[in-house]
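Here are my notes on the model, as numbered points. Please keep the structure open while you read.

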Amino acid sequence: MAAGKEIRGKIKSVENTKKITKAMEMVAASKMRKAQDRMRAARPYSEKVRNVAANLSKANPEYVHPFMQPNESKTAGFIVVTTDKGLCGGMNTNVLRAVTNKIRDLQAQGTGIEAVAIGNKGLGFLNRVGAKVVSHVTQLGDTPHLERLIGPVKVLLDAYTRGEINAVYLSYTKFINTMKQESVVEQLLPLSSEALEPSESEHAWDYIYEPDAQTVIDDLLLRYIEALVYQAVAENMASEQSARMVAMKAATDNAGNVIAELKLVYNKTRQAAITKELSEIVAGAAAV
């Protein structure tokens, strides 16, 4: 029964793995609900900031913020949002593939690349492909904090203001629902008039600025960009927990199937061994 003992060991090993994946699935489900609530809570703020920025840009057309002016530089910036941990299916692979395709298109046009990595997986990928990583932030935990995101992102924003890069792209995984997440690579800078179009355009607003229009618009558009980055990180975290829950559920189901197959093989092996022993006993009795 050496073969049977080996199969029992395999069954025990797969059962232990199944317990781990089941526990990870339950933890991811709990974190997913919190991440979704956090993501949905951030959406109204970013939407309101966008509407106010759109109304301000229309109410004061004589001043154009640097974020809305195109640059002639031959370098583009990327903010790559990924996870710190794995075991979440093909989520990171999909967004990094989209980033790779965009970088390849830009490099074919003779454009250089500078990148900001948010998350360990994106940082490792950018280092492997030889991209210039100007700043990064990792180990954000389960709750994103805006003060940890502002510093790394500001490196690209300041470079755009100085005219050193011609565009900033934001890549992340957008949360659609629990079973579906979408990889997104969208242009963050320069801000287009369509991106700042107010959702309700029935009437225009006029404002009294204190201290002056330039100061207010400068600060507001900076807050707008920060809100977009924070929202992207919140969406990515919700997508991460959803993808991990689905991946761990699939792993648990597969472990159950493997255990069932191994038990079937074990029972067949055991039955064959018993049948062989009975045959030997009957043959010995017949010989006597």
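1. Start with helix H4. H4 lies across E1, E2, E3, E4 and E5. Its direction is at about 150 degrees to E3. Bear in mind that this is a predicted model.

2. Next, the sheet that carries these strands. The sheet is open and has five strands, in the order E3-E2-E1-E4-E5. Pairing is mixed. Strand E3 (132-137) and E5 are the edge strands, and each has a single partner, so one side of each lacks a neighbour in the sheet. From one strand to the next, the twist averages 20 degrees.

3. Look at the E1 and E4 pair. These two strands run parallel, joined over five bridges. Ala76 has Ala167 of E4 as its bridge partner. In general, strands of a sheet pair through backbone hydrogen bonds, in either the parallel or the antiparallel sense.

4. Now the packing. The largest nonpolar core has 34 residues. Which of them touch the most other members? They are Phe67, Ile79, Ile118, Leu189 and Ile225. Elements giving two or more residues to this core include helix H1 (2-59), strand E1 (75-81), helix H4 (146-161) and helix H5 (213-287). H5 gives the most, with ten residues.

5. Leu189 deserves a look of its own. Leaving aside residues up to four places away in sequence, Leu189 touches Phe67, Leu157, Tyr160, Ala167, Val168 and Ile225. Another core, of 17 residues, lies apart from the largest one. Among its members are Ala117, Leu123, Phe125 and Ala167.

Notes:
Residues numbered from 1 in each chain as written. Predicted model: local features only at pLDDT ≥ 70, side-chain atom pairs only at ≥ 80, totals over all residues. Heavy atoms only, no water. Core = buried A, V, L, I, M, F, W, Y, C linked by side-chain atoms within 4.5 Å. Buried < 20%, exposed > 50% of the residue type's maximum accessible area, 1.4 Å probe, protein only. Helix = DSSP H or I, 4+ residues; strand = E, 2+ residues; numbered from the N terminus. Contact = heavy atoms within 4.5 Å. Pairing = 2+ DSSP bridges. Axes fitted to C-alpha atoms, helices over the stretch in contact; angles between N-to-C directions.
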